[in-house]
Amino acid sequence: MIGKELIGRQSESVVLKIEHEEVCRFAETLEIQFDDRVPATFVETLTRADIPGFKMLPGMIHGEQKFTYHRPLLIGDILSYKLCIKDVYERTTKLGKVTFFVIETTGINLTGEQVFTISSTFFAPTKETANE
Amino acid sequence: MNNLMSYQVSDRLPIKVWAPNHLQIRQYSEVSGDFNPIHLDDNYAIRAGLGGVIAHGMLTMAHMAAMLTEWIGQEGNIVMLSVRFEQMVRPGNKITFYGIISERVEKTLVCNLEARNENEEKVISGLAKISINN
C-alpha cells in the first residue's frame, strides 16, 4: 500500500551540461556570490528525470537532502545522471502515518567517473498518498 | 582573511542572514522548475495545512551552501553538504545561518550547521565537509 514495490525503480540516463548562463542566473536569483564555481545545490535544479510509476505529489514535503561531490563539478562539464528510488518506508509521526521516499541521483562524467551523489527524502501522509 | 588552515575544532564560521520574500520564492520556482503550489499559492498551502506558502527547502539550503562558499572563498571546496529541514521557512522570516567546526582531519574540515528564524526556532540542521585546497 505504501509503495515498497517502487524501490529500485530508476529513470533513464539523461545527459546534462553545466552551462555558464544557467549557473549565473541561479546565482543572480539567489543574490549569492558567483565566482565561476558551481554552487553546491545548483545541479539539483537540472536533475528532473521521471521515474516510471512514481510521481511527486504536490503536497509532498522535503525532509532531507544530501549532496556528495566525488570530484569538483565545473562549468562546461557534460554528465549523465540517473534517479533511483532507494527506499520507501512508513513511520508514525506527529502528523500520523507518513510515507517516506528516498531518491538518489547519481551523476557520472564522460569517462564514467562518479561526480556527484544526491540523496533526497520526501514524505507525505500515507492516507493522502493512497487516495491519489 | 579566511585562511582555512587556521580553523580548528569549535571555531565558528561567519554568520549569514537571509530574509526570504514572495518574489524570491517565485523566482526560485522559475530557476529550479519546482512549481509545487505549496510555494506559490497561499490558498492551496492553507488547504494543505501549512498555514500559507513556504519557501522551497532547496532555496534555504542554497543559502546555507552560499554561507559556506562565502567563507571558504577559493581556499577549499564543499565535498559534502547534508541537511534536515526541521521547520518551514516563510516569506517574512529572518533566517540566520550558523556553523561551527566539529572535526578537523588534515585538510578536511567538518562543520555542524544550522539555520534559525527570528524566533530562534531551528529551521535547518546540517553537516558539511570542506576540503582545503593545496
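Author: Buried area is the accessible area (1.4 Å probe) that two parts lose on being put together, summed over both. This is a predicted model, where local features need pLDDT of at least 70, side-chain atom pairs count only at pLDDT 80 or more, and totals for chains, interfaces and linings use all residues. Residues are numbered from 1 along each chain as its sequence is written, chains are lettered from A in the order in which they are written, and side-chain values use heavy atoms, with hydrogens and water left out.

Reader: Thanks! How much area do chain A and chain B bury between them?

Author: About 2500 Å², with 56% of it on carbon and sulfur atoms. In contacts (heavy atoms within 4.5 Å), 27 residues of chain A meet 34 residues of chain B.

Reader: Why is the meeting of the A:Glu64 and B:Arg84 side chains called a salt bridge?

Author: The term asks for a side-chain nitrogen of Lys or Arg within 4 Å of a carboxyl oxygen of Asp or Glu. Here N to O is 3.4 Å, so the pair qualifies. The count between the two chains is one salt bridge.

Reader: What makes strand E2 (residues 61-69) of chain A and E2(B) a pair?

Author: Strands are DSSP runs of E, at least two residues, numbered from the N terminus. Two of them pair if DSSP finds at least two bridges between them; these antiparallel strands have five, so they pair.

Notes: Helices (H or I, at least four residues) and strands (E, at least two) are DSSP runs, numbered from the N terminus.
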